[in-house]
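Subject: Structure handover and notes

Hello,

Please find below the structure we talked about. My notes on it follow.

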Amino acid sequence: MVTFERFTLTNGLRVLVHEDAATPMAVVNILYDVGARDEDPDRTGFAHLFEHLMFGGSVHIPYYDAPLQRVGGQNNAFTSNDITNYYVTLPAANLETAFWLESDRMLGLAFNEKSLEIQRNVVCEEFKQRYLDQPYGDTWLRLRPLAYKVHPYRWATIGKELAHIEQAKMEDVKAFFTKHYTPDNAILVVAGNVEAGSVRALAEKWFGPIPAGGRYMRSLPVEPEQREVRRELVHADVPANSLYIAFHGPGRLEQGYHAMDLISDLLSQGTSSRLYRRLVKENALFSEINAYQTGNLDPNLFVVEGKPLPHVDIDVAEKAIWTELEQLATEPVGVYELDKVKNKVESTMVFAEMAILEKAMNLAYFELLGDADKLNHEIDQYLRVTADEIQRLAGQLFRKQNSSTLIYIANADA
């Protein structure tokens, strides 16, 4: 059980406090309700660009890292298609430093052409190195637009194309900040050796004066049901043939999400999972194989990816995957097999509750989902899933007309 207190400032900033006297540390986590799905289709990659720009200094604090390091703190951030999350860990005695830093960049990021140019170059290099120059690096640049035709999940967090970041202009960047980086579009979680009353006083002092921005109302296009088989074949300089099969599945708050998550574990969690045991160990068709869901707020993708062994024809490998998926849809899962993956999920979640950073991030995320207390009931959601639900959902997911398949064929001289 993760306990917390919650209050909201007059400017709309939601604040949650988790007290944990067992550690000398504290975490200040700010989740902004903005991700790649909120970008203009002609100006993608901005949420990720801001992850970098937010460390470029604010109006009153030109260097974010220096004062934090002086008080023994560390920081980082991540961007997804749904959210942008910033966090600071530091000795609890120095908690106010984190409030000072985070509030100043929410109040006024230091917009200047030099900072924009530096971070734009950093992101462009990341785009080239991770997505264009690495083998299989462009997988999600291909698979997303293959599976999604309308919803903004059709582009990756890095952006749809390099030119969108290269051509990012100061007025566009400022407009994105003004629209999304506001108190009423953020959730602040403070966890660790802190006291709720002191945190409330710090929140009022540092964040209270920041004006509300007028909450952005999200209205995204709904992806229509996929009703045809989609395939893309790529000949590339990659080490080995590889295939990815993506299926549309329920979103984070929809019925069936937890069953879908358990299906991914049944298929590829550990060496006793179905795909590994049958396709890697027993039949020696793949060198590696995985199944996972993307975990998005809006309808997800369930993905199976694998690399067939050199002697295995790609069609044979693909057929073997489909055999396993169809078996899950036509034969009920045994009690022991289902309980095993449920127990694994439960132990993972219990372990996550031991670290204050994990607790802070999870509280912020579940508050975004509607109520942070849902975190304390998440295990029950998994434990309630039945074998019938698994089989029924597998039948809905694993249909050819719901599949988008991306295949890499290695060039002979690669």
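In which helix do Glu-117 and Arg-120 lie, and how many residues apart are they? Both are in helix 4, with a spacing of three residues, which is about one turn of the helix. Please keep in mind while reading that this is a predicted model.

Salt bridges

Glu-117 and Arg-120 form a salt bridge, and their closest N and O atoms are 2.4 Å apart. Glu-117 has a relative accessible area of 35%, so it is partly exposed. Arg-120 comes out at 11% relative accessibility and therefore counts as buried, the cut-off being under 20%.

In the whole structure, the search finds 23 salt bridges. Another of them joins Asp-371 to Arg-6, with 2.8 Å between the closest N and O atoms. This pair links distant parts of the chain, its members being 365 residues apart. Arg-6 sits in strand 1 (residues 5–8), while Asp-371 is in the loop between helix 13 (356–368) and helix 14 (378–383). Asp-371 is partly exposed because its relative accessibility is 27%. Arg-6 is also partly exposed, at a relative accessible area of 39%.

Asp-40 and Arg-43 make a salt bridge too, and here the closest N and O atoms are 3.2 Å apart. Asp-40 is partly exposed at 34% relative accessibility, and Arg-43 is partly exposed at 36%.

Helix 1

Helix 1 (residues 46–53) is mostly covered, with eight of its eight residues buried. Those residues are Phe-46, Ala-47, His-48, Leu-49, Phe-50, Glu-51, His-52 and Leu-53. The elements that cover them include two strands, strand 4 (74–79) and strand 5 (84–91). Helix 4 (113–132), helix 6 (162–166) and helix 7 (170–180) are also among the covering elements. Helix 4 is thus the helix that holds Glu-117 and Arg-120.

Helix packing

I looked at two helix pairs. In one of them, helix 9 (residues 257–268) packs against helix 15 (residues 387–397) at an angle of about 85°, with the axes 10 Å apart. An angle from 65 to 115 degrees counts as roughly perpendicular, so helix 9 and helix 15 are roughly perpendicular to each other. On the helix 9 side, the contact is made by Ala-259, Met-260, Leu-262, Ile-263 and Leu-266. Helix 15 contributes Ile-390, Leu-393, Ala-394 and Leu-397. By class, that contact has nine nonpolar residues, no polar ones and no charged ones.

The other pair is helix 3 (residues 95–107) and helix 8 (residues 196–206), whose axes come within 10 Å and cross at roughly 30°. Angles under 35 degrees count as roughly parallel, and helix 3 and helix 8 are therefore roughly parallel to each other. Their crossing is right-handed. From helix 3, the residues in contact are Leu-95, Glu-96, Phe-99, Trp-100 and Ser-103. In helix 8 they meet Val-199, Leu-202, Ala-203, Lys-205 and Trp-206. By class, the contact of helix 3 with helix 8 has seven nonpolar, one polar and two charged residues.

Regards

Definitions and conventions:
Residues numbered from 1 in each chain as written. Predicted model: local features only at pLDDT ≥ 70, side-chain atom pairs only at ≥ 80, totals over all residues. Heavy atoms only, no water. Axes fitted to C-alpha atoms, helices over the stretch in contact; angles between N-to-C directions. Helix = DSSP H or I, 4+ residues; strand = E, 2+ residues; numbered from the N terminus. Parallel < 35°, antiparallel > 145°, perpendicular 65-115°, else oblique. Left-handed = near helix turned anticlockwise from the far one by under 90°. Contact = heavy atoms within 4.5 Å. Nonpolar A, V, L, I, M, F, W, Y, C, P; charged D, E, K, R; others polar. Buried < 20%, exposed > 50% of the residue type's maximum accessible area, 1.4 Å probe, protein only. Salt bridge = Lys/Arg side-chain N within 4 Å of Asp/Glu carboxyl O.
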